Amino acid sequence: MSTRRKATLADVAARAGVSTTTASYVLNARSQQMRIATETQDRVHRAVAELAYRPNRSARSLRTRKTASLAVISDFVASGHFASGMLAGASVAARAHDHVLLIGETQGDPDIEHRLIEEMLDRQVDGFVLASLVHRVADVPRMLTDQATIPTVLLNCVDRSRPLPAVVPDEVEGGRLAARLLLDAGCADSIVVVGQDPTADALAGPLRWEGVTAALAASGRRLAGLIPCDWNVGEAHAAVSRWLAEGAHPRGMVCMNDRIALGTYQALDDHRLRVGRDVAVVSFDGTELATWLRPQVSSVALPFAELGSAAVELLMREGGPGHEVHRLSMPLVAGESAQLE
């Protein structure tokens with residue numbers, strides 16, 4: 001059985017009618033620096049396509065001291081369907097920059113995190129993305145921050161003590177959006193929040209609360225109350241049921257996530273209150289669950305894919321990622337729940 005010889009850079013240069021050095025400059029994005037004519041660049045790229053040429057990664061790595069690989073270290077992101085969109089977005093962005101992702105998951109264990117970072121450093125990755133399932137304050141390992149030549153970007157978290165670059169959802173603006181939906185529905189002075197963030201160092205709950213109360217204050221109103229519960233279906237159902245049994249008459253309810261919204265729907269139905277007619281409801285996260293509730297709940301979504309993509313783009317930015325926290329808008333997954341008859 002015959003095997004086809006792999007095309008070399010010399011083959012590309014010969015097909016394009018240029019020197020091997022010129023072909024190398026074109027393929028290593030140095031055309032402008034070396035003042036190579038556009039027509040010459042086009043001939044080189046045509047030759048690459050015609051010969052199905054693929055560069056030798058090992059040789060390029062030795063020459064440029066770059067491995068075209070990025071490390072993504074997460075706690076529970078990779079194993080969870082909910083936040084895996086972050087990895088998908090990061091992967092697409094990495095491919096656009098001709099890089100691959102090396103992914104490691106710590107399961108929240110600092111020792112595993114330490115070993116994974118050491119392994120990635122040994123592999124000489126070009127940069128790190130540290131990702132969190134929950135938007136929170138994190139303790140970034142010193143072994144990364146002390147590596148001044150290795151850029152690091154935080155994804156869905158911020159560092160506790162140092163100004164590291166980060167990409168996070170704009171939870172405050174998301175809270176404002178949720179409150180404005182209920183105000184537009186005519187809920188006025190009877191808006192309550194369901195859910196109190198149970199996670200230590202979490203930022204999503206407090207920041208969403210800040211946005212909700214700020215939007216109400218801007219309209220001259222105040223939050224009517226809080227129904228505390230963990231962020232799951234059963235706790236929400238029990239808490240809202242107790243609250244309704246005490247004689248409460250809600251008009252607008254902000255559920256801190258879609259699981260809370262499901263429990264709230266069930267409790268309202270138990271008390272013969274209809275979402276979208278008697279009570280307006282808005283939620284957060286924009287999960288698939290939100291699309292199955294009837295009426296569909298309006299949910300302020302976490303832009304997971306965009307977060308992952310932005311983190312890689314920041315990491316690959318010429319001149320380095322800087323030190324800023326970048327906040328991405330949370331889009332609305334519109335349903336029929338945030339209205340009243």
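A: Of the 341 residues of the protein chain, 46% count as buried, that is, under 20% relative accessible area with a 1.4 Å probe and protein chains only. The model is predicted: local features need pLDDT of at least 70, side-chain atom pairs count only at pLDDT 80 or more, and totals for chains, interfaces and linings use all residues. Residues are numbered from 1 along each chain as its sequence is written, and side-chain values use heavy atoms, with hydrogens and water left out.

The chain holds 13 helices and 12 strands (DSSP runs numbered from the N terminus: H or I of at least four residues for helices, E of at least two for strands). Its radius of gyration is 26 Å, well over the 20 Å of the globule rule for 341 residues, so the chain is more spread out than a compact globule; the radius is taken over C-alpha atoms, and the rule is 2.2 Å times the number of residues to the power 0.38. Along the principal axes, the C-alpha atoms fill a box of roughly 85 × 50 × 40 Å.

Within this chain, the open sheet has 6 strands in the order 7-6-8-9-10-12, with mixed pairing; two strands pair if DSSP finds at least two bridges between them. Strand 7 (225-227) and strand 12 (332-333) are the edges, each pairing on one side only. Further in, strand 9 (residues 280-285) and strand 10 (residues 298-301) pair in the parallel sense over 4 bridges. There, Ser283 has Ser299 of strand 10 as its bridge partner.

Terms used. Buried < 20%, exposed > 50% of the residue type's maximum accessible area, 1.4 Å probe, protein only.
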